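Dear colleague,

Please find below the structure that I am handing over to you, followed by an account of what was found in it.

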Amino acid sequence: MTDQRVIAVEEHFTTPGFLQRAHALDFCPGDRTEVELTRAVESTEPTRSQLLDLDARLAAMDASGQDMALLSLNPPGVQPYRPADAVKLARDVNDELARIVRDHPNRFGGLATVTPQAPDEAAKEIGRAMGPLGLHGIMINSHTDGHYLDEPRFAPLLEAAEAHRAPIYLHPRVPSVLDPYAPYGLSGAIWGYGAEAGLHAMRLIMSGTLDRYPNLRIVLGHLGEGIPYYLRRIDNRYAFARRISGAATPMAQLTLTPGEYFRRNFTITTSGIDDPNALEYALRTIGDDNIMFAIDAPYEETGQAVRFLTSAPLSDVQRANISHRTAERVFGV
């Protein structure tokens, strides 16, 4: 892959200060499963060191041929915590992330942490992140205490993201309704994460939110959390519901079809899915200019992901778009 940058856009980190403070906080009762899992992961080697040691991260990037990583706070970030605690935590971690980016401007970019549980404060932090801090977007870890971004309470956050041209990386987390997933270990990355993030994205589409905020840019990992592979049926069933009044589940009157919103407002990443067949279908469905490379470090192996990028059956233009051009356009890196 001569003369092509490799930019990975879903790469997690944390700081000692964040861990010390966050692990001592009370959290929303409904987030117990995820917070306890996250705290165990963040306290156990080798993951703890992999999240903290950015010198080792750079060495792994160098060894694999990865040029740049967009860092984001390890999920679920600050979203399980009370607003009074979360707002200060978010500001402090964003300050630290901005320092990391300033120290390594050609190697690291950053997605800011914000507080959906305090939407007005989140809006202010988006402006600070995209302005003086020089970061490249924000990460939202799906629901916040069971609430989703299409709800009116989050209007200040969405208005700020659109106004400041801040892409929203909509990252998975444990589903807001846990019981059906719990008995068989389905709440995590094996199934629940993707189902949760896909649900959130579909709520944004089907609620009319993207009519109100037509310039929002939403990023989904894991090759679109299943949505690209279901778009034909989604559009078909939406058309049926609009055509056959009373014979199908009521749906909002949208300006565009669901598939048109997805292609206009969403970009997807390869994080965690090194599958050439899945990538081929995504390319046919939404195009290489809407796909970005991501690893999901440290939860996926950097070398393996980069080898997939370099060996996948892609044209030169497709590989260039996925490896760096789409990220350069979407995130301004």
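This is a predicted model: local features need pLDDT of at least 70, side-chain atom pairs count only at pLDDT 80 or more; totals for chains, interfaces and linings use all residues.

The eight strands of an open sheet follow the order E1-E2-E3-E4-E5-E6-E7-E8, with parallel pairing. E1 and strand E8 (291–292) lie at the edges with a single partner strand each, so one side of each has no neighbour in the sheet. Strands (E, at least two residues) and helices (H or I, at least four) are DSSP runs, numbered from the N terminus, and two strands pair if DSSP finds at least two bridges between them.

Residues are numbered from 1 along each chain as its sequence is written, and side-chain values use heavy atoms, with hydrogens and water left out.

Strands E2 and E3

E1 and E2 are joined in the parallel sense over five bridges, and Phe-13 has Leu-73 as its bridge partner in E2. E2 and E3 also run parallel, joined by four bridges. Within E3, Gly-109 stands opposite Leu-70, and Gly-110 stands opposite Leu-71. Between these two strands the chain passes through H5, and this β-α-β crossover from E2 to E3 is right-handed. A crossover is given that name if, with the strands pointing away from the viewer, the path from the first strand over the helix to the second runs clockwise.

Six of the six residues of E2 are buried, where buried means under 20% relative accessible area, exposed over 50%, and partly exposed in between (1.4 Å probe, protein chains only). In a regular strand the side chains alternate between the two faces of the sheet. On one side of E2 are Met-68, Leu-70 and Ser-72, on the other Ala-69, Leu-71 and Leu-73, and all are buried. In E3, too, six of the six residues are buried, so this strand is largely enclosed by the rest of the structure.

Further along the sheet

E3 and E4 run parallel and are joined by two bridges; Ala-112 has Ile-138 as its bridge partner in E4. The chain reaches E4 from E3 through helix H6 (residues 119–130), again in a right-handed β-α-β crossover. Strand E5 (residues 168–170) pairs with strand E6 (residues 218–220) in the parallel sense over three bridges, and Ile-218 in E6 is the bridge partner of Ile-168.

Helix H4

Which residues of helix H4 (residues 54–64) are buried? They are Leu-54, Arg-57, Leu-58, Met-61 and Ser-64. Seen down the axis of H4, these residues fall within an arc of 130° (taken from the directions from the helix axis to the C-beta atoms), so they line one face of the helix. The face turned away from the buried side carries the exposed residues Asp-55 and Ala-63. The buried residues of H4 pack against several elements, including strand E1 (7–13), helix H5 (83–103) and helix H14 (302–311); contact here means heavy atoms within 4.5 Å. At the N-terminal end, Asp-53 caps H4, with a side-chain oxygen 3.1 Å from the backbone nitrogen of Asp-55. Just after H4, Gly-65 has a positive phi of about 90°.

The nonpolar cores

A nonpolar core is a set of buried Ala, Val, Leu, Ile, Met, Phe, Trp, Tyr and Cys residues joined through side-chain atoms within 4.5 Å. The largest has 80 residues, and those with the most contacts inside it are Leu-157, Ile-168, Phe-262, Leu-279, Ile-291 and Phe-293. H5 provides the largest share of this core, eight residues. Another core, of 13 residues, lies apart from it and has Ile-7, Leu-70, Tyr-169 and Val-219 among its members.

A buried aspartate

Finally, Asp-150 is found in the loop between strand E4 (138–140) and helix H7 (155–163). At 14% relative accessibility, Asp-150 counts as buried. Leaving aside neighbours within four places in sequence, the residues in contact with Asp-150 are Arg-203, Leu-204, Ser-207, Thr-209 and Arg-212.

With kind regards

Terms used
A polar contact is a pair of N or O atoms within 3.5 Å; within protein, one must be able to donate a hydrogen and the other to accept it, and residues adjacent in sequence count only if both atoms are side-chain atoms.
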